[in-house]
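Hi,

Here is the structure I promised to pass on. Have a look at it first, and my notes follow below.

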Amino acid sequence: MTHFQSSFIGANGYTELKKFMKRSTDFSKEFINILGERAEIELSYAKGLAKLSNKISKSGKECLGSLAQAWTILSLQIESESELHKKFSDVLHSELAKPYKTFLEQQIKGQKSIDSPVEKAAKVWTDKKQSMAKAKKNVISKTKDCELMSQQIDDSSVKKPLTEKELNKLQSKTQKAETVVVKADSEHIAAVKNLESARHDLECAVQVSASQYQGLQEERFVQLKDLLGKLSNHMSLLGPNLNEITQRICQAASVIDPDSDIEIIATTFSTEVTIDQVLYDSYEEDMKNTMKVDRRRTSLIRKLKTIDQEIYKEQKTKEGIKKLSGAYGKTPGYADEDTKNSVTQKIHNSDEMIDLLEASKYKLHATLALLDRTAQPVAEIGNHIKKEKDKQGFQNSILRRQRSNASLPPSRFSSDATTPTAGETMNEVATHQAIVAVQGDQVSSSYNPPAYDDCVYKQAIAKYDYDAQENDELTIKQGDVLKVLESMDDGWSKGELNGKIGVFPTSYI
């Protein structure tokens with residue numbers, strides 16, 4: 001059986017649910033009015049018959065013999081018919097319309113407690129969305145400031161040389177700015193996760209609300225079925241002329257099936273639901289943002305590592321929840337149905353959180369591939385990422401998927417990556433590791449996120465002095481510590497020394 005909580009999902013589902021319940025309430029109010037009008041008609045008819053009975057009785061006093069007796073019987077029968085319709089009017093009002101009106105008023109009053117958690121969860125989600133936007137704006141601003149200082153350092157050797165004191169001071173400020181950027185970036189990630197958690201809370205609140213509203217609707221069906229049954233019984237007392245109508249009402253009462261009607265309602269309102277998850281967007285992903293290539297690559301690798309660590313944490317959390325679910329399965333009496341459903345929902349929420357992080361990681365990987373001019377990553381999850389610019393010009397990425405109301409939550413996406421070839425750079429290797437480090441829903445207890453720093457910053461010590469012969473070569477001295485970026489097949493290597501990138505003989509290190 002399909003229930004309301006699997007059909008009315010999220011904010012849109014809650015809106016549809018409220019519309020349906022309003023229509024149901026309006027129907028119930030109209031039915032109460034109809035019963036009231038019928039009661040007034042019966043009472044008016046009863047009063048008319050009573051007047052006729054009095055007239056017949058008065059007119060019968062002039063009669064004698066059997067005619068007077070017959071007239072008296074006629075008067076009494078009309079009076080009895082009047083009493084019958086008067087009693088039926090009282091039944092319609094006091095036993096049918098009034099109790100159901102009281103029942104409906106109590107339900108309407110109780111809806112406030114059902115709506116309150118959803119309204120609170122919706123407000124929290126709105127607040128978290130504003131906080132996320134604020135954190136995003138902050139990290140972009142801090143990154144721009146940091147990049148500006150870094151660019152000043154880079155330009156000092158070309159455009160306007162700085163004194164050693166000025167350079168040291170600027171480098172110190174840049175290091176502090178980088179620390180601020182890392183902190184702001186962490187706050188941004190936390191804000192994105194908080195927003196996703198708030199969305200989960202809102203969805204859970206709507207599910208609870210839908211379940212409670214289903215209970216209200218089931219009670220209405222039961223009440224209406226009982227009411228029609230009572231109406232049929234009382235109408236049967238009005239005489240043989242109402243038998244056909246009575247049978248029809250009995251048939252109408254007998255065919256009411258609350259479970260079947262709930263099924264029809266849930267199926268009728270079952271629609272495709274769009275699930276939007278706000279993804280993590282970094283400054284480095286927008287290629288229009290000013291940033292040196294090497295610094296952009298290094299920052300992307302660092303952020304890939306951070307995202308991988310977050311994925312690892314979420315997967316370990318999910319492992320714990322699944323173990324708890326397994327324990328409940330082995331010991332049925334250990335937890336009630338609500339607790340089991342809550343655990344199942346938490347597993348689904350964990351899957352969606354991992355999807356969010358996987359999609360964010362995919363975007364970083366795609367940017368790194370673009371930067372290194374290598375093939376773009378191929379992953380099914382990439383087809384569901386939508387990008388747009390807000391009014392401030394910041395990039396917003398959304399993981400958008402369709403999910404049927406009547407279906408179970410969709411299975412998690414898997415982001416497969418191809419194995420790097422021997423000709424790829426160390427940056428490409430690290431990126432591939434970031435994509436394929438976690439496969440499926442299970443995480444090995446021995447899993448550790450990739451050591452991106454080791455891949456990117458392979459170090460070597462110069463064994464001999466070498467003076468650069470060409471503009472693209474590095475001058476090195478014995479004992480210098482170089483960052484090796486790439487080893488080439490022609491006996492040369494590409495590396496970095498004191499912020500300058502160039503080539504040098506591989507045999508000299």
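Arg 295 counts as partly exposed, because its relative accessibility is 23% (buried is under 20% relative accessible area, exposed over 50%, partly exposed in between, with a 1.4 Å probe and protein chains only). Please keep in mind that this is a predicted model, where local features need pLDDT of at least 70 and side-chain atom pairs count only at pLDDT 80 or more, while totals for chains, interfaces and linings use all residues. Residues are numbered from 1 along each chain as its sequence is written, and side-chain values use heavy atoms, leaving out hydrogens and water.

Now to the salt bridges (a side-chain nitrogen of Lys or Arg within 4 Å of a carboxyl oxygen of Asp or Glu): the structure holds 30 of them. One joins the side chains of Arg 295 and Glu 147, at 3.2 Å from N to O. This pair links distant parts of the chain, with Arg 295 in helix H6 (residues 293-330) and Glu 147 in helix H2, 148 residues apart. Helices here are DSSP runs (H or I, at least four residues), numbered from the N terminus. Glu 147 counts as buried, since its relative accessibility is 5%.

Another salt bridge pairs Arg 297 with Asp 372, at 2.7 Å from N to O. It connects helix H6 to helix H7 (residues 337-372), across 75 residues of chain, and both Arg 297 and Asp 372 are buried.

There is also a network of salt bridges that links Lys 136, Asp 281, Glu 285 and Lys 363.

Happy browsing!

How values were computed:
Helices (H or I, at least four residues) and strands (E, at least two) are DSSP runs, numbered from the N terminus.
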